[in-house]
Amino acid sequence: MGVQEIVRSGARVGEVACLTTEPATTAIAATIRAGPDETGLRLDRMLALRLPALSRTRVKRLIESGHVTCAGIALQDPARRVRDGQNFVVILPEDSDPVPVAQPMPLEISFEDEHLIVIDKPAGLVVHPAPGNPDGTLVNALISHCGASLSGIGGVRRPGIVHRLDKDTSGLMVVAKTETAHQALSRDFAQRRIDRAYAAYVWGVPAPRGGEIAGNIGRSPTNRKKMAVVGEGRGKPAITGYRVEHSFHAQAARLECRLATGRTHQIRVHLAHRGHPLIGDPLYGPRPGRAVARSVGIGCEIATFRRQALHARLLGFTHPASREHLIFDSPLPADLERLEANLERL
């Protein structure tokens, strides 16, 4: 998320009176005026509430590093108490984009030519470097595999990347190897011309057994690490098509999900919103498996499945150079095969 989006996200909670770019430091400055209901709050708490896209830990570090001022004076005490009418200027430095380095790693390659590469990503692999995952990512492996030609395609930190899968979602991804391919694929994703299907294992059996889930997706107002279905005028429109392929009594089901849009955590959020979270999802669905865990020995193994049970099994697109329509299928990985076998035994 860029710093301007971070600043804008605070506007719904309170006034952001000023937004300026500081050329010398390539930073964004937000001026926030404290209200009467914020009198007595700790400075770090007040700013975190007003800028919900920032964690309180990051706000605290900004204060301690002198990036928050009041009346022209840099403040360095996160516990300072706020008074009504005080104006605080928060400087949000632009994140630097370190150039990813090549790191040899095994890749499951479904297709490759001089224009693009299709990867079958394993669960547990982060797609691109980010805070907390500076290396050891798919991008690092791709740079090692493709060489210097990949560098800078579509951006410094995410070369070649036109779409993403969550760290613990397995399955198919297409990566561009040229700027022309990157632009064409990005355009097709934006215009919903990419065919994507996922195998999803959920708690319970949705009714009806097929249809669409529509609902805007935005940042959860109660947990910054989560996305949520939000009201009209908030978030971004999202549509997920689903179909029950197989039910395991009334306790679980395997769905085919197809994306009409591509929002962060979209399938996970929509299914949890409908009351059928993914098995193993640590963020959106840990609770429904408790009854299964208490039932039989195999139930405990199902309920403690170690990742969201979601696999990108089909990917179809028009080749940006040849204009041929390509379709790729990925078989279930071993952990999901074992999960399905256990579900059959319930």
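This is a predicted model: local features need pLDDT of at least 70, side-chain atom pairs count only at pLDDT 80 or more; totals for chains, interfaces and linings use all residues.

**Stop 1**

Residues are numbered from 1 along each chain as its sequence is written, and side-chain values use heavy atoms, with hydrogens and water left out.

Asp-281 forms a salt bridge with Arg-268, with 2.8 Å between the closest N and O atoms (a salt bridge is a side-chain nitrogen of Lys or Arg within 4 Å of a carboxyl oxygen of Asp or Glu). Asp-281 sits in the loop between H6 and helix H7 (290-295), and Arg-268 in helix H6, 13 residues apart. Helices (H or I, at least four residues) and strands (E, at least two) are DSSP runs, numbered from the N terminus.

Is Arg-268 buried or exposed? At 6% relative accessibility, Arg-268 counts as buried. Next, pick Asp-166, whose side chain also meets Arg-268 in a salt bridge (2.9 Å, N to O). Asp-166 is in the loop between H4 and S8, 102 residues from Arg-268, and is partly exposed at 23%.

**Stop 2: strand S14 and its neighbours**

Select residues 252-259, which make up strand S14. Seven of the eight residues here are buried, so S14 is largely enclosed by the rest of the structure. Show S9 (residues 195-203) too: seven bridges join this strand to S14, and the two run antiparallel. Look for Ala-200, which stands opposite Leu-255 in S14. Then show S13 (residues 239-248), which pairs with S14 over eight bridges, again in the antiparallel sense. Strands count as paired if DSSP finds at least two bridges between them. Tyr-242 has Cys-257 in S14 as its bridge partner. Three residues lie between S13 and S14 in their hairpin, where His-249 takes a positive phi near 55°.

Click on Asp-195 and Arg-258, whose side chains meet in a salt bridge (2.6 Å, N to O). Asp-195 is in strand S9 and Arg-258 in strand S14, so the pair ties together parts that are 63 residues apart in sequence.

**Stop 3: the nonpolar core**

Which residues touch the most other members of the largest nonpolar core? Leu-142, Tyr-198, Leu-255, Cys-257 and Leu-271 do, out of 29 residues. A nonpolar core is a set of buried Ala, Val, Leu, Ile, Met, Phe, Trp, Tyr and Cys residues joined through side-chain atoms within 4.5 Å. H4 gives the most to this core, with five residues.

**Stop 4: the aromatic rings**

Finish with the two aromatic pairs in the structure. Rings of Phe, Tyr and Trp (its six-membered ring) pair if their centres lie within 6.5 Å; planes under 30 degrees apart count as stacked, over 60 as edge-to-face and the rest as tilted. Select Phe-111 and Phe-328: their ring centres are 5.7 Å apart and their planes at 50°, so the pair is tilted. Phe-111 belongs to strand S6 (residues 109-112) and Phe-328 to strand S16 (residues 325-329), 217 residues apart.

Key: Buried means under 20% relative accessible area, exposed over 50%, partly exposed in between (1.4 Å probe, protein chains only).
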